[in-house]
Amino acid sequence: MGVVKRLIRRFQRHVCITEPKSLWKRYAIGLAFIFVTIGAAHYSSLRAIAASGLDAEASRISNQQIMLSQRILFLMRESEQNPSLEVEARLLSAIQLFESAHDWLVTRQELTPALQQLYFEDDTFPLDYFSRRFVETARYAVKAEGQVRSNMQNRLVALGQQDLLSALSKASRLHQDKSRRQTAWLQNLETIALGSALFVLLLEALFIFVPAQISVSRAIRRMERRSKQLSTSYETLKARNLELVAARKNLTHAANHDALTGLLNRRALYDFLTHLKAAPNGSDIALSVLKIDLDRFKSVNDTLGHKAGDDVLVVVASILLAQVRENDLVARIGGDEFVIVVKAPKSMDTLEALGSRIIEEISKPMQIAENVCKIGASVGFTMASSAVATPDQLLIEADLALYKAKRGGRGQVFAYSGDLREEIETREALFEEITEALADDQFEPHFQPQLYTGSGKLFGCEVLARWRHPRRGIIPPATFLAAAEEAGLIQQIDLIMVEKSLDFLERLRSEGKDLPSVSVNASPDSLRDPNLPDRLAQEVLARGLSPADLTIEVLETTLIESQDDEAFLTIRNLTSAGFSVVLDDFGTGYASMSNLSRLKFDGLKLDRSLVEPVPNERAESIIAALVALSRNLGMRVVAEGVENNAHYDRVKELGCDVVQGFGIGYPMPAAQFIDWYEEFAKKDKKRPA
Ligand code: C2E
Ligand code: CA
Ligand code: CA
């Protein structure tokens, strides 16, 4: 069963079905078949027609033989009765005709077995033999004379009248039969040719046309399917391609834009500046870069949350876009840093005006959700001095100018100049020098004494940092402090001062000298470090001292500027750890009473600028008010900048608890301070208790 099925399948596969490609083979075979069939039919027909012509002729001739044999007998009798040359000639001609007709009959055609039998193989009367004897006898008789002739004639009559006649009649009948059969065969042949032609056509249909049709329609279906697939895959490809294009667009957009504001980002800014075709040297057009930094942005973030901060940035972005022209570029390159690139006629005034407009717009109160925010901005700008300025160069220049603007007290526009670069370069050199100085232990504390106004006794001393430079000598903090802060090195300096001053205090105590406390300055960076209280506690305890021996001076600006929660927390922890914390430089203009309500301070240090004008009525009434405020809050008041007796007397009268100033003592190196201390102690002993 399986075998049969397999065979059928194989037959179908190899015979019924073929690829359109190889159809030509079948067509060739089919054509060859048709040619062969037509050729064979034609050949057989020709052969059959020729054969049937011969048979018809043979039938006619064999009929004629009967007639001729009778004519020979008749003429033989005639020539006997009326011998004449003419009769004799006719007789000879008849004999001749009979003979040649016989020859024709036995040689010119293929004899059927019956005819063969009749002519040659009959036992009693082989026709061929007797026909030839008949001819011979007739000829002989013609030539003979008298009795011989009549004997011959009788013999001839006997032969011709009886057996020959019946044999010839039989032959004629056989020839007729043969001829009839040949005609019938010819008719059959026609039918066979027609049948075989139809058969060939059937075979062609079966093995060529049907498989061809099947294979062609299969191929067409396959092609249709494939073209459908192709078109659907083309559609999907097209769709995928569109998606890709869109995705790439999005990606490029995301790669080049700030997600929050939609402005270009730092990378796009660099690209733009790099590929910007700079105006040729000598052209009237210049490329300018403005850098904008927001003031008090951090406090919005800290007090109103990051969502509000984001909203502020979006508003600022729209302000900047509104202030520039279409060809200018606005980018956000950092938290609250923006850059504008302007291609405009060279004019410092125009740029300065643009910067001022921007500051003015940004400084207007902004409605952010339910809150009104007030921020500000500083702007630094630079104009490309040559066509070859690199993006880095331009951005650094704008940054330097911005830096200067911010240091100049915020809300300002500042232009870059060559001097500024020098200044900054000096600054950078200073950074490096400070780093080296730290490694080389070149920072040391100087001590400035502080006295109680009431008893005149020693309250303690303020520790002030000094840089003992190997070549330049003693350098004051004003020269290096800001740089150290910028370089992130101030915390280290603060800590060195703490360690060295505590060492100093420990040493004095061990020598039996009574220095009640040391007061160190803490930078905003130090105060933002949550580990500061622990660290200081460790330093104090390690030397057998107590936290009460250490006062920490906090600059008022630290708290105003940053609204720093971390600093607030650190201060709170310092107080609860037992350290004394005082608010330094109080009254320098940023005085914020809210800080006093939020935090518990042990004291206030009135800024030198308040003491300096004394004696002066206005200044004194401010001091009096601040003293009253401090009393109420349980804080002592330290007056700084007490340079002379007038200062001393007035601040004492006004109620300040402690004084500090050149009038009492300069900030002194350790050894010198000890000398001062001994001098002071001697005088102190003499003082009435
Ligand atoms: P400050 O904390 O207000 O320190 C007092 C400054 O006033 C000192 O300047 C001192 O020399 C000066 N001074 C004291 N008495 C008088 C006076 O009678 N008349 C005048 N005209 N000046 C007087 P100095 O030492 O140059 O310190 C400047 C500032 O540097 C300090 O101001 C303080 O804020 C900061 N500073 C000093 N040392 C350190 C430190 O170790 N760490 C930190 N973070 N800041 C420090
Ligand atoms: Ca101080
Ligand atoms: Ca001060």
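In which strand does Lys291 lie? I found Lys291 in strand β1, residues 285-295.

**Entry 1. Basis**

I note that this is a predicted model, in which local features need pLDDT of at least 70, side-chain atom pairs count only at pLDDT 80 or more, and totals for chains, interfaces and linings use all residues. Residues are numbered from 1 along each chain as its sequence is written, chains are lettered from A and ligands numbered from 1 in the order in which they are written, and side-chain values use heavy atoms, with hydrogens and water left out. Helices (H or I, at least four residues) and strands (E, at least two) are DSSP runs, numbered from the N terminus.

**Entry 2. Lys291**

I looked up the accessibility of Lys291, and at 6% relative accessibility the residue counts as buried. Buried means under 20% relative accessible area, exposed over 50%, and partly exposed in between (1.4 Å probe, protein chains only). The side chains of Lys291 and Asp399 are joined by a polar contact of 2.4 Å. A polar contact is a pair of N or O atoms within 3.5 Å; within protein, one must be able to donate a hydrogen and the other to accept it, and residues adjacent in sequence count only if both atoms are side-chain atoms.

**Entry 3. Aromatic rings**

I searched the whole structure for aromatic pairs and found 14. Rings of Phe, Tyr and Trp (its six-membered ring) pair if their centres lie within 6.5 Å; planes under 30 degrees apart count as stacked, over 60 as edge-to-face and the rest as tilted. One of the pairs is that of Trp467 and Phe480, edge-to-face at 5.9 Å centre to centre with 90° between the planes. Trp467 lies in strand β9 (residues 458-469) and Phe480 in helix α13 (residues 477-486), so this pair ties together parts that are 13 residues apart in sequence. Trp467 is buried at 1% relative accessible area, and Phe480 is buried at 0%.

I next examined Phe504 and Phe673, an edge-to-face pair at 5.8 Å centre to centre and 65° between the planes. This pair links distant parts of the chain, 169 residues apart: Phe504 is in helix α14 (residues 490-510) and Phe673 in helix α23 (residues 670-686). Phe504 is buried at 4% relative accessibility, as is Phe673 at 0%. Ring pairs join Phe447, Phe504, Phe673, Trp676 and Phe680 into a cluster.

**Entry 4. Ligand 1**

An oxygen atom of ligand 1 is 2.8 Å from a polar side-chain atom of Arg608. For the side chain of Asp584, the distance from an N or O atom to an oxygen atom of the ligand is 2.9 Å; for Asp585 it is 3.1 Å.

**Entry 5. Backbone**

I checked the backbone and found a cis peptide bond between Val614 and Pro615, with omega of about 0°. Pro615 is in the loop between α20 (608-611) and α21 (617-632). Arg296, although not a glycine, has a positive phi of about 60°. Arg296 is partly exposed at 47% relative accessible area. Most residues other than glycine have a negative phi, and most peptide bonds are trans.
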